[in-house]
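Thanks for coming. I will go through a few points on one structure, so please have a look at it first.

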Amino acid sequence: TRQLIQGAVWAVDAVHVLALADGLSAWRIAVSVAANHVYAANLARFPLVSLSSATFLGSCVLAVGNHFVWFFYFISNLRIPFEQVCSFMFFGVWLVPLALFVSLTPMDAALPSSHDAEGRTKTRQNMFKTIVSCLRRADEQLPQSLHND
């Protein structure tokens, strides 16, 4: 998976070079290329990640920021067909962060000897499953009166 994501980083960089040749905004392409290489920095300890590391937090901020940079560009340039906008957003903006975030494993769930507060052994799971399970636990802790509204 690490090699696939690294290959995707270089392929997306090639898409950005083609987009630059096609006349898209140079500074936005520079932001996207920089974001892709921050995502790639997470591959150093792949698939483990510390959720509080500067690299991971920067990746999260850049993923959202990169999306909005391009979203506002395409909103102001309605001459570009919708199909091309969708293709660029998927391959040029979302592909690498989605692949990375879905396949990462938070460090606190990766240790075979780690236990939760009740003493149960934690199983290793990807980041998406970890986030969903945290949201479910939070939902279970809400008072029942909030669930009925």
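In which helix is the place of Val33? Val33 sits in helix α2, where helices are DSSP runs of H or I with at least four residues, numbered from the N terminus. The model is predicted, so to speak of local features we need pLDDT of at least 70, and side-chain atom pairs count only at pLDDT 80 or more, while totals for chains, interfaces and linings use all residues. Residues are numbered from 1 along each chain as its sequence is written, and side-chain values use heavy atoms, with hydrogens and water left out.

Val33 has 27% relative accessibility and therefore counts as partly exposed, the class between buried, under 20% relative accessible area, and exposed, over 50%, with a 1.4 Å probe and protein chains only. Leaving aside neighbours within four places in sequence, Val33 is in contact with Asp13 and His16; contact means heavy atoms within 4.5 Å. Between Val33 and His16 there are 7.4 Å in space, C-alpha to C-alpha, and the two are 17 residues apart in sequence.

Now the helix pair. Helix α1 covers residues 2-21 and helix α2 residues 26-41; they pack at about 175 degrees, with axes 10 Å apart. Axes are lines fitted to C-alpha atoms over the stretch in contact, and angles run from 0 to 180 degrees between N-to-C directions. The two helices are therefore roughly antiparallel, the term for angles over 145 degrees. On the α1 side the meeting residues include Trp10, Asp13 and His16, and on the α2 side Ile29, Val33 and His37 are among them.

Technical notes:
Angles under 35 degrees count as roughly parallel, over 145 as roughly antiparallel, 65 to 115 as roughly perpendicular and the rest as oblique.
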